[in-house]
Amino acid sequence: MTRHGKKTRVSVILMSVLQIISLISAYYLHKLTRAKLGLLRHLVYLNGKWEKAVNIEMIKYSFIAFAAAVIIFAVLRKRSSLAGKVLISVSALVFSGYLLFFSKSMDRAYYAISLVLAAGFILETLVWLITDRK
Amino acid sequence: MSINTFKEKINMKSKSLIALGLALLLAGCQAAPTASTADSKSASDAGAASETVKVTERSAKDETTRVYVSPQWAKDAIEGKIDGVKDPVVIEASWGPVADAKEYKEGHIKGAVHADINSIEDEPYWNLRPADQVKSAILAAGVDADTPVIFYGSDMSGTSRIAFAYLWAGVKNVKIINGGYEAWKNAGFETETTVNEPKAKTDFKATVPVHPEYVLAIEDAYKNLESGDKNFKLVSIRSLAEFEGKTSGYSYIDKAGEPKGAVWGKAGSDPYHMEDYVHADNTVITLDEMKQLWSGLDFNIDNKLAFYCGTGWRATIPFLIMYENGFTNMQLYDGGWFQWTMNPDYPVQVGDPKSGNVQYTTVKELPNDKAWKEN
C-alpha cells in the first residue's frame with residue numbers, strides 16, 4: 001500500500017470511529033431521557049436555561065451553513081481521497097438533517113443531542129482536513 | 001386551637017349541644033369512615049401469602065372509593081369475584097413509553113397494560129396536563145369513567161400520582177395494589193412478559209375533570225395563605241432538608257424553601273423516598289398510622305388541607321389515604337415548590353417556623369445554588 005493509501009486508511013478509520021461514537025452517544029442520550037424521569041426533567045430545565053442564554057435558532061442555522069460549506073469544500077478539494085470526501089459529506093448531511101428535521105417538541109433531548117452531533121462533526125472535519133491529504 | 005382544647009373551655013351542657021351540632025354537620029358533609037384498621041390479610045384471602053400486606057379493611061359500601069388494596073383483592077377482582085367490579089383494567093404505571101418500560105417488560109401481572117405516568121403531566125411545571133389530554137391518555141389506556149382500574153408500580157408516589165389523575169378526571173373506581181408487583185409475585189399469582197396493547201376507548205362518558213375540586217391551583221394556594229385563614233393548612237410532603245430550605249431536592253430546581261405559611265407533613269429521607277408514608281414492603285400506611293405520624297405537627301386531619309411536594313407525586317399519597325377513608329377536606333396543590341419558584345414575588349420561608357430559626361423573604365431573593373447535586 002502506498003504512503004498516501006495508508007494515510008487515507010487512517011483518516012477513514014478515525015473519521016468512522018468519531019462518527020460512530022457521536023451517533024452512539026446521541027442514541028443513548030435519546031434513550032436515557034425516555035427512560036429516566038430525572039434526566040428528562042433536568043434536560044427540560046437545561047433547555048430553558050440555554051434558550052435564555054443564547055439565540056438557539058441562529059446557532060442552529062449557523063451549524064447548518066457550516067455543514068453545507070463542508071460539503072461544498074469536500075466536492076472541490078482535490079487533495080482528499082474519495083472515501084474521505086464521501087464520509088465527511090455523509091456526516092454533514094446526517095448532522096444538518098437532524099438539526100433541520102427534528103425539534104425540541106419532538107425530542108426534549110434535541111439541544112443536547114445536537115451538541116453531541118456538532119462536537120462529533122467538528123472533530124471529524126478537523127481529522128479529515130488534517131489527515132486526508134494526497 | 002384544636003377542637004379538644006376548645007371543648008375543654010366550655011361547660012358540660014354547651015359541650016353536649018356543640019357535639020350534637022357537629023354530628024349533624026358532619027353527617028351532611030361527609031360519609032364518616034367506618035373502616036377499622038387491621039394488620040391482616042383481606043377478607044377474601046384464603047391462602048395467599050400476604051401476611052405482611054397492611055390494608056385498611058372497609059365495609060362493602062365503601063369499596064368504590066377504596067384505593068389501596070391487597071394483591072388478593074386485585075386477583076379476586078380480575079377473576080370477577082368482587083361485586084360491582086367487572087372487567088377491571090390492570091395497569092402497570094411507570095415513567096416512559098412501553099418501549100422503554102423495563103420493569104413492565106421484565107414481567108407484569110397477566111393481562112396488564114403499561115401506562116406512562118408522563119401521559120398525565122407535562123412541562124413546564126410538571127402539573128396535570130390539560131383536561132382533554134388527560135382524557136385522551138385515559139381513553140388510550142382502555143379506560144372510561146365506569147371502568148374499574150387497578151394500578152400497580154414500583155414507585156408508590158408515581159403510581160399514586162397517576163391514580164390521582166384518573167380520579168380527578170372522573171374514573172369512579174381506581175385501585176392501587178399495596179405492595180406492588182413484588183407483593184403480587186410473593187403471593188404466587190400469575191405473571192407474564194407478553195406486552196399487552198390497551199383496547200382504547202372513544203367515549204369517556206363524563207366531562208373531564210369530574211372532580212376539579214381535588215386540585216388547588218397556585219393562585220388559590222397563594223390567596224388562601226394570604227387570607228390568614230387559620231383552618232387552611234398548606235402541608236409540605238417533603239423531606240426535612242427540603243422543608244428547612246437546605247436543598248431544593250431536585251437537580252432542576254435552583255432555589256430552596258417553602259411557601260410562606262406552609263407546615264411540614266413529613267415524607268421521607270429525600271425527594272425519591274417516602275419512608276414516613278410507605279412501609280419497606282411498598283405498602284402504604286393506614287389512616288391510623290397517618291394520624292399518629294401527624295401527632296405533634298402543626299395541623300390535624302380536620303383542617304382544610306392542601307398537600308404539595310416538589311411537583312405533585314409524593315403529595316398524592318396522603319390525599320389518597322384520606323380519600324379512601326371518606327374525607328373530602330383535602331386537595332392537592334399540584335404546582336408544588338417548583339411552580340412556586342416561578343413567581344418572583346411570592347412569599348417564602350427558609351427554615352422551620354416552629355424552631356424560630358426562619359427567614360421570610362420572596363422567591364426572587366432566594367439564592368440559586370440549592371439544586372440537588374449527586375454526591
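B:Asp144 counts as buried at 3% relative accessibility, where buried means under 20% relative accessible area, exposed over 50% and partly exposed in between (1.4 Å probe, protein chains only). Its side chain meets that of B:Lys205 in a salt bridge, 3.1 Å from N to O; a salt bridge here is a side-chain nitrogen of Lys or Arg within 4 Å of a carboxyl oxygen of Asp or Glu. B:Asp144 lies in the loop between α5 (131–140) and β9 (149–152) of chain B and B:Lys205 in the loop between β11 (191–192) and β12 (215–216) of chain B, so the pair ties together parts that are 61 residues apart in sequence. Helices (H or I, at least four residues) and strands (E, at least two) are DSSP runs, numbered from the N terminus.

This is a predicted model, in which local features need pLDDT of at least 70 and side-chain atom pairs count only at pLDDT 80 or more, while totals for chains, interfaces and linings use all residues. Residues are numbered from 1 along each chain as its sequence is written, chains are lettered from A and ligands numbered from 1 in the order in which they are written, and side-chain values use heavy atoms, with hydrogens and water left out.

**Salt bridges**

- Over all chains, the structure holds 24 salt bridges.
- Side chains of opposite charge can pair when their charged atoms come close.
- Within chain B, B:Arg129 forms a salt bridge with B:Asp122, with 3.5 Å between the closest N and O atoms; B:Arg129 is buried, with a relative accessible area of 17%.
- A network of salt bridges links A:Arg41, B:Glu121, B:Arg161 and B:Asp334.

**The pair A:Lys31 and B:Asp100**

- A:Lys31 forms a salt bridge with B:Asp100, the closest N and O atoms being 2.9 Å apart.
- This pair crosses between chains, from A:Lys31 in helix α1 of chain A to B:Asp100 in the loop between β4 (89–94) and α4 (102–106) of chain B.
- A:Lys31 is partly exposed, at 28% relative accessibility, whereas B:Asp100 is buried, with a relative accessible area of 12%.

**Interface of chain A and chain B**

- Chain A gives 13 residues to the contact and chain B 14 residues, contact meaning heavy atoms within 4.5 Å.
- The two chains bury about 1300 Å² between them, 50% of it on carbon and sulfur atoms; buried area is the accessible area (1.4 Å probe) that two parts lose on being put together, summed over both.
- In chain A, the residues that lose the most area to chain B are A:Arg34, A:Arg41 and A:Arg108, together 47% of what that side buries.
- The rule finds 5 salt bridges across this interface.
- It also finds 9 residue pairs in polar contact, both residues at pLDDT 80 or more. A polar contact is a pair of N or O atoms within 3.5 Å; within protein, one must be able to donate a hydrogen and the other to accept it, and residues adjacent in sequence count only if both atoms are side-chain atoms.
- On the side of chain A that touches chain B, α1 (3–35) and α2 (37–53) of chain A each supply at least two residues.
- The largest share of that side, 7 residues, comes from α2(A).

**A sheet in chain B**

- An open sheet of 3 strands in chain B has the order β14-β18-β19, with antiparallel pairing; two strands pair if DSSP finds at least two bridges between them.
- Its edge strands are β14 (258–259) and β19 (357–362), each of which pairs on one side only.
- β14(B) is joined to β18 (residues 347–352) of chain B by 2 bridges, and the two strands run antiparallel.
- B:Glu258 has B:Gln349 in β18(B) as its bridge partner.
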